[in-house]
Amino acid sequence: MIVASKQCSGCYACVSKCPQNCIRMKTDDEGFWYPEVLSESCIDCGVCERVCPAKHEQAQINEPAAFAVYNKDEKVRGGSSSGGVFTALAEYIIESGGVVFGAEFDEKFNVVHGFAEQKSELGRFRGSKYVQSRIGQSYIKARQFLKAGRTVLFSGTPCQIAGLKSYLGHGYDNLFTVDLICHGVPSPKVWDKYLKHKEQRAGAPVAGVNFRSKQQSWKKFAMALSFGNKMVYNKTLDKDEYLRAFLQNVTLRPSCYECNFKTLGRTSDLTLADFWGVDVVMPDFADDKGVSLVLVHSDKGNNLLEVISDKIVRQQADLIRAIAFNSAAIKPVEKHPARDLFFGDLNNMPFDDLVKKYCRIGFKTKVRRAYRSAGSKAKRLIAKI
């Protein structure tokens with residue numbers, strides 16, 4: 001074992017770096033993958049341990065600048081999870097002859113990392129995907145592009161960006177990295193079971209997925225599914241079983257409950273997130289169409305934001321106020337007390353019954369209370385500043 005399973009984020013750094021190609025990712029009973037070393041090929045070089053970001057965490061000391069941002073293109077903004085900033089960044093990189101990496105769906109709606117070299121391909125990366133994405137060969141391909149002199153924009157979770165940086169071993173002037181304020185990554189197995197449950201109900205295969213439909217509201221976003229028989233499913237976060245389980249922290253990877261990558265000082269150039277609480281902190285931006293919170297960690301990140309200034313509306317925000325409603329920026333979520341029992345029954349119960357059994361708390365009430373509590377804390381904090 002390279003690192004304890006509760007610390008392993010499944011970032012793929014060890015798999016990508018192994019000189020013997022003797023590490024493979026093996027999926028456990030919960031649907032998460034972990035590195036397995038093929039001992040017959042291992043030469044005990046120690047590269048996998050040296051490259052593991054969980055074993056060699058490096059504290060970043062910086063205080064990012066915070067901005068409220070949204071894309072001027074209303075179509076792009078409407079199709080994005082929050083303010084559509086990632087699309088503006090990605091379009092600039094493509095226009096400059098670069099390559100963009102991000103999370104996308106494969107043909108079976110598994111979430112994987114891929115890359116795009118054309119603006120027409122960027123729609124694959126737009127929108128949140130609340131499933132752990134499989135990095136696969138993406139670190140290796142990114143390095144190939146970088147060594148060829150291409151500009152690369154690589155987006156991912158904080159642990160994935162840490163894995164990329166550790167794999168590369170040194171900085172590249174032509175690399176830009178973007179991470180997220182991450183709630184945690186749910187199990188691909190849970191996602192697969194949910195899709196099969198919905199397909200059985202619809203009587204047809206899934207044809208499209210949107211985790212963050214804003215049709216009803218940005219604040220009260222919805223899971224939207226379309227099916228091959230033209231049926232459409234659209235349920236808000238308090239009614240959809242998958243989103244309820246995700247937001248109650250019952251489906252997450254074990255390392256997410258002890259994540260050390262959730263800090264203000266990050267290795268990325270930019271951090272993107274929903275600007276929750278913008279109606280309290282910066283009410284002029286609160287039009288319920290989606291606003292991004294952008295944290296700038298480096299000069300490269302600041303320059304990248306500057307070059308897209310004609311495509312975005314941007315206003316600097318107070319950092320402490322900006323993260324007051326989004327504690328996932330600086331600390332892991334709490335493990336659901338029935339999390340292990342949930343996974344123990346995953347193979348034995350219909351998905352809707354599983355969620356009813358283990359996510360009994362009135363979710364609508366819980367969200368309302370959490371938001372009200374965050375608002376009260378934020379207002380007290382703001383009053384002191």
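**A walk through the fold**

R124 is partly exposed, with a relative accessible area of 31%. Buried means under 20%, exposed over 50%, and partly exposed in between (1.4 Å probe, protein chains only). The model is predicted, so local features need pLDDT of at least 70 and side-chain atom pairs pLDDT 80 or more, while totals for chains, interfaces and linings use all residues. Numbering starts from 1 along each chain as its sequence is written, and side-chain values use heavy atoms, without hydrogens or water.

R124 has a partner. Its side chain meets that of E104 in a salt bridge, at 2.3 Å from N to O. A salt bridge puts a side-chain nitrogen of Lys or Arg within 4 Å of a carboxyl oxygen of Asp or Glu. This pair links distant parts of the chain: E104 sits in strand β4, R124 in the loop between β5 and α5, 20 residues apart. Helices (H or I, at least four residues) and strands (E, at least two) are DSSP runs numbered from the N terminus. E104 counts as buried, at 12% relative accessibility.

The structure holds 24 salt bridges. R77 and E74 both lie in α3 (residues 74-78), 3 residues apart, about one turn. Their closest N and O atoms are 3.6 Å apart. R77 is buried, at 1% relative accessible area, whereas E74 is partly exposed at 39%. Helix α7 holds K196 and D192, 4 residues apart, again about one turn. Their side chains bridge at 2.9 Å, N to O. Both count as partly exposed, K196 at 48% and D192 at 30%. Elsewhere, E30, K335, R339 and D340 form a network of salt bridges.

Next comes the interior. Nonpolar side chains tend to be buried together in soluble globular proteins. A nonpolar core is a set of buried Ala, Val, Leu, Ile, Met, Phe, Trp, Tyr and Cys residues joined through side-chain atoms within 4.5 Å. The largest one here has 96 residues, and F154, M223, Y242 and F275 touch the most other members. Helix α7 (residues 188-202) gives the most to this core, with 5 residues. A second, separate core of 24 residues includes F67, I93, V178 and V296.

In α5 (residues 138-147), the buried residues are S138, Y139, A142, F145 and L146. They lie on the same side of α5 because they cover an arc of only 125 degrees around the axis. That arc is taken from the directions from the helix axis to the C-beta atoms. The face turned away carries the exposed Q144 and K147. Among the elements covering the buried residues of α5 are β4 (99-105), β5 (111-116) and α6 (158-168). After α5 comes G149, whose phi is positive, near 90 degrees.

Helix α13 (residues 351-358) buries F351, D352, L354, V355 and Y358. Their arc of only 160 degrees puts them on the same side of α13. Their cover includes α7, α8 and α12 (339-344).

R253 is found between α8 (241-247) and β11 (270-274). Beyond four places in sequence, R253 contacts (heavy atoms within 4.5 Å) C8, S9, G10, F32, W33, Y34, Q132, V185 and R339. K239 lies in the loop between β10 (232-236) and α8. K239 is partly exposed, at 48% relative accessible area. K239 and M223 are 16 residues apart in sequence and 9.2 Å apart in space, C-alpha to C-alpha.
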